[in-house]
Amino acid sequence: MISVVLLGAGNVASHLYKAFQNAKDVDVKQWYNRNIKAIDSYKNDVDITDDLSSLVEADIYILAVSDDAIEDLSKQLPFENRLVVHTSGSTSLYAVDMKQKRGVFYPLQTFSKDAEVDFTEVPLCVEALKKEDLPLLKSLAKAIGCKSHKVNSDQRQGLHLAAVFVNNFTNQLYRIAHEITEANGAEFDILKPLIKETANKIETLSPYMAQTGPAKRNDKKTIRRHIKQLESDHHKAIYDLLTKSIQKTHGRR
Ligand SMILES: NC(=O)c1ccc[n+]([C@@H]2O[C@H](COP(=O)([O-])OP(=O)(O)OC[C@H]3O[C@@H](n4cnc5c(N)ncnc54)[C@H](OP(=O)(O)O)[C@@H]3O)[C@@H](O)[C@H]2O)c1
């Protein structure tokens with residue numbers, strides 16, 4: 001049995017809490033949040049607290065708090081030499097205070113409180129300053145059904161940067177597509193099979209091989225027509241930049 005104290009009550013902490021509660025080999029000993037109201041509804045299921053001085057002993061302390069809060073919160077922990085990990089993709093391992101055994105437990109997935117997450121589809125990137133702490137982090141990942149990946153800080157920060165492109169930027173492009181369909185009285189839903197196929201295709205083809213469209217073909221007339229069709233200068237600039245990026249990749253300029 002792996003005992004855990006969870007700190008934070010946002011998107012990631014809420015999903016981790018549910019996953020730990022469903023795992024037979026994990027015992028959530030305590031749940032901390034600076035604002036106790038956020039976890040008050042769980043008070044009958046788990047020991048909740050907003051008082052760092054009352055934290056109980058556990059195998060792993062998980063700081064699932066905003067990136068900027070990790071360093072400060074870890075400094076305030078009233079004990080030493082325990083395994084303390086954060087869940088951030090971009091924050092240094094060294095943000096965890098040096099008086100602790102330091103690690104990272106980064107779930108590479110997008111978490112929103114109201115959207116279900118299938119943890120068997122969450123790659124868990126684990127890192128530990130001392131290699132003897134890694135097996136416990138891997139066991140915790142396994143206990144909630146995740147495949148773990150041992151990465152170093154450079155690899156993790158690279159994955160996080162890449163994740164911004166595949167998730168945040170792609171989602172913003174969906175948003176722009178939504179605006180375009182609305183402006184033209186078309187249904188965004190008609191694009192959903194294309195969105196799914198674009199994602200499915202990279203199971204069998206590299207992103208390079210999977211590319212299609214006017215930029216790759218260098219269909220100049222279509223490109224000019226699209227830019228003219230766009231109403232916002234901002235959208236024109238994004239179209240132009242991405243078109244140039246595709247053309248550069250495919251040797252068109
Ligand atoms: N969301 C994702 O998709 C995702 C995916 C992978 C990793 N992560 C990482 O997971 C961590 C948490 O992200 P999240 O999306 O769960 O964040 P979030 O929903 O914004 O929640 C942030 C949590 O941090 C707490 N917090 C903020 N400032 C604090 C401070 N100064 N002292 C103590 N607690 C503080 C908040 O407490 P209050 O409730 O009191 O405000 C809240 O519980 C981040 O490191 C993030 O990079 C996020």
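Gly103 stands opposite Ala128, a residue of strand β7, where a strand is a DSSP run of E with at least two residues and a helix is a DSSP run of H or I with at least four, both numbered from the N terminus. The model is predicted, so local features need pLDDT of at least 70 and side-chain atom pairs count only at pLDDT 80 or more, while totals for chains, interfaces and linings use all residues. Residues are numbered from 1 along each chain as its sequence is written.

| Pair | Bridges | Direction |
|---|---|---|
| β6 (residues 101-107) and β7 | five | antiparallel |
| β7 and β8 (residues 147-150) | four | parallel |

Within β8, Ser148 is the bridge partner of Leu124. Between β7 and β8 the chain passes through helix α3 (residues 134-143), and this β-α-β crossover is right-handed, a term used if the path from the first strand over the helix to the second runs clockwise with the strands pointing away from the viewer.

Strand β7 (residues 123-128) is mostly covered, with five of its six residues buried; a residue is buried if 20 or more other C-beta atoms, placed from the backbone, lie within 10 Å of its own. Across the chain of 253 residues, 23% count as buried.

The chain holds nine helices and eight strands, and its C-alpha trace spans about 65 × 35 × 30 Å along its principal axes.

Note on methods
A residue is buried if 20 or more other C-beta atoms lie within 10 Å of its own, exposed if 12 or fewer, and partly exposed in between; C-beta atoms are placed from the backbone. Two strands pair if DSSP finds at least two bridges between them.
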